Amino acid sequence: METSNGKPIISVVVFIVYIVTLVGNTTIILVSYLDTQLHTPKYFFLSSLSVLDLCYTTSIIPQMLANQWGPKKSITYGVCVLQFFFVLDLGATECLLLAVMAYDRYAAVCQPLHYTLIMHPQLCQKMVLTAWLSGLAGALIVCSLTLKLPRCGHREADNFFCEMPALIKMACVYSKVIEIAVFALGVVFLFVPLSLILISYGVITQAVMRIKPATRWHKVLNTCGSHLTVVILFYGTIIYIYMKPQNTISQDEGKFFTLFYTIITPSLNPPIYTLQNKDVKSALRRILWMKKCSAKS
């Protein structure tokens, strides 16, 4: 299968963003693992999100750069199917994981005395595992339906990688079944988690409003700001792409939003979560200090 050619500047930007994504998310994973003070549900979920983002971008960017820089602008059908499946699987999993992280913040703010009992390690592990398995099930359904569509000889996907909207546009027939299935799964993986996130932060805001005005909004921003920023960036673009009828989205428009939520957003997650995070900054300083001490000894 052939993929569309992109401008050289895009491939350079994508490469830089990929390096930033690798360094940022790997740092979060290592710091959360090495510093015992970060062995909490919040950083367990944040590490899980970083692992997810690493897998997500790695399933897309290396092949994209190979197509942009290599002599052949093509991808084998088998690799295309695998890429399509992993993008669906990891994207759906991230939708659910963001909802899990919102529930964790709700428990931390609204149930502080019972937080350790509510968010015990076994529950956290089960919630992450459920998100992964649910994403896998949703991806299997959408992937199987999409790949059954007849291609009628079309072999060119006008996109940077193999994604559902681009593959649907390659089909020579319109499928009402797949549109209904995608909408139903969109409700499950997009609107339901997003609704739970908004409800969680609505309750958090009500609880924080009882605090004295001087510290009220500072508390809200510290608790909700980073996560809500990621939610808006990720959900906003993915809802626009997947819930809007595919025949109403232009190719250039679809490629822009696809590039944003699959590549740009994962690179922004580490700075968004750590820029104002004193715990992570302190953990980094402790780890670096310990390394210096061990080097001197």
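1. UniProt positions are given here in the numbering of this chain, feature names are shortened, and annotations may be inferred rather than shown by experiment. The unreviewed UniProt entry annotates "transmembrane region" over residues 12-31, 43-65, 77-103, 127-147, 177-204 and 224-243.

2. The model is predicted, so local features need pLDDT of at least 70 and side-chain atom pairs count only at pLDDT 80 or more, while totals for chains, interfaces and linings use all residues. Residues are numbered from 1 along each chain as its sequence is written, and side-chain values use heavy atoms, with hydrogens and water left out.

3. Two of the annotated stretches can be compared with the fold, where helices are DSSP runs of H or I with at least four residues, strands are runs of E with at least two, and both are numbered from the N terminus. Residues 12-31 are 100% helix and 0% strand, with end C-alpha atoms 29 Å apart; residues 127-147 are also 100% helix and 0% strand, with end C-alpha atoms 30 Å apart.

4. Glu94 lies in helix H4 (residues 77-110).

5. His39 sits in the loop between helix H1 (8-34) and helix H2 (41-58), and its C-alpha atom is 9.9 Å from that of Pro121, 82 residues apart along the chain.
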